[in-house]
Amino acid sequence: MNDELQARAAHSAAIRERAEAEMKAIGIDDAFIGRLVDTFYARVLAHPELGPVFDARLSGRWPEHMEKMKSFWSSVAFRSGAYGGKPVQAHLGIANMKPELFPKWLALFATTLDDIAPNNDAKAWFMTTAERIARSLTLSLFYNPALDDPALKRS
């Protein structure tokens, strides 16, 4: 059993090392992630549709949220396991959250990356990852499999 645990730990360490090398090669470090999160969420707050939804949920808790988002993106980029939250549960029941907001969130994220990403590879990596996250959250929060039931389709 001890050998299996050591093998898992070595495998996890190799994944982290590979991720760190990949991120370093495209100019991503913790300082960039901090800048990305700070810049993006400042823009979210100023956005006429996104700002009110986020601020209603996070009012008085923005500093904690910012740290959580930095931990989240660092964990995703560097495969560190530093983030232990539950994104789907965190987004359940948010007042005025609707699927139409996700493309706006992604567009704002893309604009932020256009302005601050160190290069196109970094932008592409973050956008691909953000799109996957947005798709996953949208499906988790709003998808109703019954809507795909052919018996319910009207002609």
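This report covers the charged side chains of the model, then one histidine.

The model is predicted: local features need pLDDT of at least 70, side-chain atom pairs count only at pLDDT 80 or more, and totals for chains, interfaces and linings use all residues. Residues are numbered from 1 along each chain as its sequence is written, and side-chain values use heavy atoms, with hydrogens and water left out.

**Salt bridges**

The structure holds six salt bridges. The term means a side-chain nitrogen of Lys or Arg within 4 Å of a carboxyl oxygen of Asp or Glu.

| Pair | Distance |
|---|---|
| Lys 70 and Asp 38 | 3.1 Å |
| Asp 115 and Arg 43 | 2.8 Å |
| Glu 67 and Lys 70 | 3.8 Å |

Helices are DSSP runs (H or I, at least four residues), numbered from the N terminus. Lys 70 sits in helix α4 (residues 62-78) and Asp 38 in helix α2, so their bridge ties together parts that are 32 residues apart in sequence. Asp 115 belongs to helix α6 (residues 101-116) and Arg 43 to helix α2, so this pair links parts 72 residues apart in sequence. Glu 67 and Lys 70 share helix α4; they are three residues apart, about one turn of the helix. Shared partners join Asp 38, Glu 67 and Lys 70 into one network of salt bridges.

How accessible are these residues? Buried means under 20% relative accessible area, exposed over 50%, and partly exposed in between (1.4 Å probe, protein chains only). Asp 38 is partly exposed at 37%. Asp 115 is partly exposed at 49%. Arg 43 is partly exposed at 27%.

**Negative patch**

Glu 17, Glu 20, Asp 29 and Asp 30 form a negative surface patch. Patch residues have over 30% relative accessible area and no salt bridge; like charges are joined within 9 Å. Asp and Glu count as negative. A charge is placed at CG of Asp or CD of Glu. Accessible areas come from the Shrake-Rupley method with a 1.4 Å probe. Asp 29 lies in the loop between α1 (2-25) and α2 (30-46). Its relative accessible area is 40%, so Asp 29 is partly exposed.

**His 65**

Is His 65 buried or exposed? His 65 is buried, with a relative accessible area of 14%. This residue lies in helix α4. Leaving aside neighbours within four places in sequence, His 65 is in contact (heavy atoms within 4.5 Å) with Tyr 41 and Leu 58.

How values were computed: Patches are made of residues with over 30% relative accessible area and no salt bridge: like charges are joined within 9 Å, nonpolar side chains (Val, Leu, Ile, Met, Phe, Trp, Tyr) within 5 Å. Helices (H or I, at least four residues) and strands (E, at least two) are DSSP runs, numbered from the N terminus.
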